[in-house]
Amino acid sequence: RENCHNVQNSLDSGKLSKTIQDDVWTTVELTCKDEGSNAIRMIGEVDYGQGLVKEMDNLDTNAPAYFFDKALNAQNSYFWIRLNSVKNSTGINEIYLKDVKVTAV
């Protein structure tokens, strides 16, 4: 969880069950859902080529109250994708994206 820009709170950490391959399109689905009582469910799924695999399913039961202020979020929220990786085998540090969609749930 990122409480504000560049201030993270690690709820869980670990490695993916498989390595995401260089130069292969990979489907990733991320879901953040209000579970009530200041709790947020975060689910991360990766399709390595044979359907989605759930790699993360965390319940943040200590989310700050301002996370649930819809008016404040509508005014101040934004969506971004960041590459945190080392250079791949070709010496390039890059990510390819297509069909990125953000949906309110």
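Analyst: Happy to! Going from the N terminus, the elements of the protein run β-β-β-β-β-α. Please keep in mind that this is a predicted model.

User: What share of the residues is buried?

Analyst: Of the 105 residues of the protein, 12% count as buried. The protein exposes about 8,700 Å², and carbon and sulfur atoms supply 50% of that area.

User: Is β4 mostly covered or mostly open?

Analyst: β4 is mostly covered, with seven of its nine residues buried.

User: Which way do β3 and β4 run when they pair, and over how many bridges?

Analyst: They pair in the antiparallel sense, and the pairing has nine bridges. As examples, E29 has E45 in β4 as its bridge partner, and C32 is partnered by M42 in β4.

User: What happens at the turn between those two?

Analyst: The hairpin of β3 and β4 has two residues between the strands, and S37 takes a positive phi near 50° there.

User: And on to β5. How many bridges join β4 to β5?

Analyst: Eight bridges join them, and these two strands also run antiparallel. Along this pairing, G44 stands opposite M56 in β5, while V46 stands opposite V53 in β5.

User: How many residues lie between the strands in the hairpin of β4 and β5?

Analyst: There are four residues between the strands in that hairpin, and G49 takes a positive phi near 130°.

User: Is G49 buried or exposed?

Analyst: G49 counts as exposed, because its relative accessibility is 61% and the exposed class begins over 50%.

User: How far is G49 from T27?

Analyst: In sequence, G49 and T27 are 22 residues apart, and in space they are 8.5 Å apart from C-alpha to C-alpha.

User: What about the whole chain? How much of the contacts comes from residues 24 or more positions apart?

Analyst: Such residues account for 37% of the contacts in the protein with a separation of 6 or more.

User: New topic: V28. Where does it sit?

Analyst: V28 is in strand β3, which covers residues 27-36. At 45% relative accessibility, V28 counts as partly exposed, because that class lies between 20% and 50%.

User: Which residues does V28 touch?

Analyst: Leaving out residues up to four places away in sequence, V28 touches E45 and V46.

User: Which residues make the nonpolar surface patch?

Analyst: L16, I20, V28, L30 and M56 make a nonpolar surface patch of about 430 Å². So V28 turns up again here, as a partly exposed residue at 45% relative accessibility.

User: Let's switch to aromatic rings. How many aromatic pairs does the structure hold?

Analyst: The structure holds one aromatic pair. Its members are Y66 and F67, with 5.2 Å from centre to centre and 75° between the planes.

User: Why is that pair called edge-to-face?

Analyst: A pair of aromatic rings is described by the distance of the centres and the angle of the planes. The planes of Y66 and F67 are 75° apart, and planes over 60 degrees apart count as edge-to-face, so that is the name the pair gets.

Conventions: Residues numbered from 1 in each chain as written. Predicted model: local features only at pLDDT ≥ 70, side-chain atom pairs only at ≥ 80, totals over all residues. Heavy atoms only, no water. Phe/Tyr/Trp six-rings, centres within 6.5 Å; stacked < 30°, edge-to-face > 60°. Buried < 20%, exposed > 50% of the residue type's maximum accessible area, 1.4 Å probe, protein only. Contact = heavy atoms within 4.5 Å. Areas by Shrake-Rupley, 256 points an atom, 1.4 Å probe, with all protein chains shown as cover. Pairing = 2+ DSSP bridges. Patch = residues over 30% accessible without salt bridge, like charges linked within 9 Å, V, L, I, M, F, W, Y side chains within 5 Å. Salt bridge = Lys/Arg side-chain N within 4 Å of Asp/Glu carboxyl O.
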